[in-house]
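Work through these exercises with the model open beside you. Try each task before you read its solution.

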Amino acid sequence: MTSRNQAFRGSFLHCTDNPAVAGAEAVHFIEDGMLVIEDGHVVALTNAVQANMPANTPVHDYRGKWIVPGFVDCHVHYPQVDVMACHGTQLLDWLNNYTFPAEQAFSDQAIATETAAFFLEQLLANGTTTALVFGTVHKASVNAFFAEAKQRKLRMICGKVMMDRNAPEGLCDTPLSSYEDSKALINQWHGQDRLGYAVTPRFAPTSSGEQLALAGQLLDEHPNVHLHTHLSENPDECEWVKTLFPDQSDYLGVYEQHGLVRKRSMFAHAIHLSTSEWSRLNHANASVAHCPCSNLFIGSGLFDWRAASSVNVPVGFGTDVGGGDSMSLLRAANEAYKIQQLQNVSLDPLTLFYTATLGGAVALDLDKHIGNFETGKEADFIVLEPDATPLLARRMRASNDWQSSLFALTMLGDDRCIHDTFILGESSKRSTTTR
Ligand code: GUN
Ligand code: ZN
């Protein structure tokens, strides 16, 4: 018999606001806490001794472990798992040599389904419960992804890539077909269970102005969907955009011209931006995904965290698999810290944790549903094992307080620290066979 109520006991950590703005009080650590949920949603998080719940509520005892909100990956390509860790190139050659050839296979629904299932199981194994995901140009790739996400009851956003030029013929659509395919996918999937759609022009170089204009039209016609694309990742890419769109004074201007810069727009990378572009992102209420593992792996550049925070543009972490070499947001936080160290910026451990959880939810405009343990939120969370390895266990013993434990866990941790991932209060281990 399954109960509508369940409780979880352990150490809890979550944010109720951005600690960089609201201060350290925005982050709550409850050493011995009790989370009560009903029908997959949070009823209350309190100290264990104060917990108030119906008699006979089953209690899952995770004392000694940390329970935190599920991680949010703000930029990732599910069809690129097989091009992770390909050697030797930067963005434009990497796309031509590895990525475009791999994406051609996704016209085949069976390949798309098998890859989507593998990818989602890997996300869960890494503690990621929500992601903003690129499909390929093929409608089948998005149908397969949403079907697999729905089966797992996940909160996921995905979209069909729109690209009508500067790519192999087998990967090109047309402005009209991309508009019609995207519209059909929106009508089929957006708002179904916890699924959302993102209009997904790949990046300015692979779309004509006509196609970008139709992407803007899709956003006008469906105001609640997301926009997902790449922006100013690599210096050669930025130079190319100047030659392809000579009338625009900068890269962001190309997207602005076509109505793509607005609330619920997510721009991946955003490395080589001017002060004016940062300020315009802010005024448009748009967000950026910082993808540190990818930026280092394909040598794109160092993200300017100071610029983003000085204009209050919401920043989430993206793994950007397959440009990124890890699916773990703990690894992303680790590399983000180091990228700022190289620029003489010391990122606060609380900010790193916020960015991987509530900050990602805010950047995706999903914070009314996910990101922390406030009453009514969806109970997507992770049980973290801070002493999962001998090294971690030793390092934890050397920590004097939870803040230093958190930082050490963030720097040294990876999927080995994810004891279990819960979706709407249900263990994802129970139903999975491929982890
Ligand atoms: N820019 C355009 N397409 C891609 C992609 O697939 N990955 C990354 N990292 N950047 C891109
Ligand atoms: Zn990407």
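**Exercise 1. The zinc site**

Is Asp320 buried or exposed? Then describe the site of the zinc ion (ligand 2).

Solution. Note at the start that this is a predicted model.

Step 1. Buried means under 20% relative accessible area. Asp320 has a relative accessible area of 4%, so Asp320 is buried.

Step 2. List the donors. The zinc ion (ligand 2) is coordinated by NE2 of His75, NE2 of His77, NE2 of His230 and OD of Asp320. The distances are 2.0 to 2.2 Å.

Step 3. Name the arrangement. Angles between the four donor atoms run from 88 to 167 degrees. Four donors count as tetrahedral only if all angles lie between 85 and 135 degrees. The arrangement around the zinc ion (ligand 2) is therefore irregular.

Step 4. Read the donors along the chain. Their spacing is H-x1-H-x152-H-x89-D. His75 sits in strand E5 (residues 71–77), and Asp320 sits in the loop between strand E13 (315–317) and helix H12 (329–341).

Step 5. Check His75. Its relative accessible area is 0%, so His75 is buried.

**Exercise 2. The open sheet**

In what order do the seven strands of the open sheet lie? Which strands are at the edges?

Solution. 

Step 1. The order is E3-E2-E1-E4-E14-E15-E16, with mixed pairing.

Step 2. Strand E3 (41–47) and strand E16 (426–427) are the edge strands. Each pairs on one side only.

Step 3. Look at one pair inside the sheet. Strands of a sheet pair through backbone hydrogen bonds, either parallel or antiparallel. Strand E4 (residues 59–69) and strand E14 (residues 381–384) pair in the antiparallel sense, over four bridges. Pro69 has Phe381 in E14 as its bridge partner.

**Exercise 3. A glutamine in a strand**

Where is Gln6, and what does Gln6 contact?

Solution. 

Step 1. Gln6 lies in strand E1. Its relative accessibility is 11%, so Gln6 counts as buried.

Step 2. Leave aside neighbours within four places in sequence. The contacts of Gln6 then include Leu35, Ile37, His60 and Gly425.

Step 3. A polar side-chain atom of Gln6 lies 3.1 Å from the backbone oxygen of Gly425.

**Exercise 4. A covered helix**

How many residues of helix H13 (residues 349–356) are buried? Which residue caps its N-terminal end?

Solution. 

Step 1. Seven of the eight residues of H13 are buried, so the helix is mostly covered. Among them are Leu350, Phe353 and Tyr354.

Step 2. The cap is Asp348. One of its side-chain oxygens lies 2.7 Å from the backbone nitrogen of Leu350.

Definitions and conventions
Residues numbered from 1 in each chain as written. Chains lettered and ligands numbered in written order. Predicted model: local features only at pLDDT ≥ 70, side-chain atom pairs only at ≥ 80, totals over all residues. Heavy atoms only, no water. Pairing = 2+ DSSP bridges. Helix = DSSP H or I, 4+ residues; strand = E, 2+ residues; numbered from the N terminus. Buried < 20%, exposed > 50% of the residue type's maximum accessible area, 1.4 Å probe, protein only. Polar contact = N/O pair within 3.5 Å; in protein donor to acceptor, adjacent residues only side chain to side chain. Contact = heavy atoms within 4.5 Å. Donors = N, O, S within 2.8 Å, 3.2 Å for Na, K, Ca; no water. Tetrahedral: all angles 85-135°; square planar, octahedral: opposite > 155°, others 65-115°.
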